[in-house]
Amino acid sequence: CAWNDDAHFLQRMINRINADRTANKKLLILSDGRPESSGTYKEKDLKKVASTIPCPYLSIGILSSCVSKFYKNYKVVENAEEISSVIVKAVNSLLL
C-alpha cells in the first residue's frame, strides 16, 4: 500500500487552481482520517498549505474529526449513511 501525502496533493491542487484563470473556483476535500506523515510533507505542513487555499472550500471528514485540526471550513460525517447527503449539501453550499 502506498502512502498518501495530503499536503503534497493539496499543494498540487492549489497550484492548479492558481494557474486556472476561470472564475468562481471551489474546492471540496474529502478525508478519511489523520494524514499520512511519511513522504515529503508532515502534518504541520498540511496546516500551512491549507491556510493558503485561494478559493471557497469545504473539507469533509468521513468518520473522522481530524479535518478540524487542519481546515477552518470543515464538516464531520459521523455516520456512513450520511456521506452522500452531506456531500450534496456541501456542493450546494459551495455553489450558492
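Helix 4 (residues 83-95) lies across strand 1, strand 2 and strand 3. Helix 4 runs at about 170° to strand 2. Axes are lines fitted to C-alpha atoms, for helices over the stretch in contact (heavy atoms within 4.5 Å). Angles run from 0 to 180 degrees between N-to-C directions. Helices (H or I, at least four residues) and strands (E, at least two) are DSSP runs, numbered from the N terminus.

This is a predicted model: local features need pLDDT of at least 70, side-chain atom pairs count only at pLDDT 80 or more, and totals for chains, interfaces and linings use all residues. Residues are numbered from 1 along each chain as its sequence is written, and side-chain values use heavy atoms, without hydrogens and water.

The three strands form an open sheet in the order 1-2-3, with parallel pairing (at least two DSSP bridges between two strands). Strand 1 and strand 3 are the edges, each pairing on one side only. Strand 2 and strand 3 pair over four bridges. Ile 60 stands opposite Lys 75 in strand 3.

The largest nonpolar core has 16 residues. Such a core is a set of buried (under 20% relative accessible area, 1.4 Å probe, protein chains only) Ala, Val, Leu, Ile, Met, Phe, Trp, Tyr and Cys residues joined through side-chain atoms within 4.5 Å.

Helix 1 gives the most, with four residues. A second, separate core of six residues includes Ile 60, Val 77, Ala 90 and Leu 94.

How values were computed
Buried < 20%, exposed > 50% of the residue type's maximum accessible area, 1.4 Å probe, protein only.
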